[in-house]
Amino acid sequence: MTDTPRWFDGDDRLLEELRVALTTEDQTGANRAPQPPPVDMLMAGYDIVMADTVEAALTNDSAVDQVAAVRSDLAGARLLSFEADGLTVDVELDGGRIVGHIDPPRPGTVHLDQPTAATPTDPVEPDDLGGFEFELASSGSFRLRFVDDAGAATATAWVDGPHETLG
């Protein structure tokens, strides 16, 4: 049996959590800043929204390959590869920057999903060779989602944070 997040025991409970998170008054009527929903709720929301998206499996992570990390010229970079349905997404994560490659290259958009970011990151179109780049807006977990021009969507597995950011 898996543990169900505490907020997921019904729609009414979820709506109440959202109402509390977005309210600007506490129980005494004093003003307070709106509180963001819990990260696990946001991440689950992404997963619900992405139900029609194929998830690409992590096939390589340089963070777990100690030999590659020691010998690599990219000592600080983390290299990740994801694969699904004939599509490969290669990612270099270094210093708050994501440099990636879609293989085989095809027209579409790449989205950076970061539930803890203050504002969403604009999607980018890969270049003719499949290359793309993002700056991390948050040190929290992220995933990449590629949507081709036919509407087929593939998302990488979540890459757990914390991560460096440029700002």
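First, a term I needed: a contact means heavy atoms within 4.5 Å. Housekeeping next: this is a predicted model, where local features need pLDDT of at least 70, side-chain atom pairs count only at pLDDT 80 or more, and totals for chains, interfaces and linings use all residues. Residues are numbered from 1 along each chain as its sequence is written, and side-chain values use heavy atoms, with hydrogens and water left out.

Entry: threonine 53. I found threonine 53 in the loop between helix H2 (39-49) and strand E1 (54-61); helices (H or I, at least four residues) and strands (E, at least two) are DSSP runs, numbered from the N terminus. Leaving aside neighbours within four places in sequence, threonine 53 touches Arg145, Ala153, Thr154 and Ala155. Is threonine 53 buried or exposed? Threonine 53 counts as buried because its relative accessibility is 15%, and buried means under 20% relative accessible area, exposed over 50%, partly exposed in between (1.4 Å probe, protein chains only).

Entry: the whole protein. I noted three helices and eight strands. Of the 167 residues, 34% count as buried.

Entry: the sheet. The eight strands form an open sheet in the order E5-E7-E8-E1-E2-E3-E4-E6, with mixed pairing; two strands pair if DSSP finds at least two bridges between them. Strand E5 (108-113) and strand E6 (131-135) are at the edges with a single partner strand each, so one side of each has no neighbour in the sheet. I then checked E4 (residues 97-103) and E6: they run antiparallel, joined by five bridges. Histidine 101 has glycine 131 in E6 as its bridge partner.
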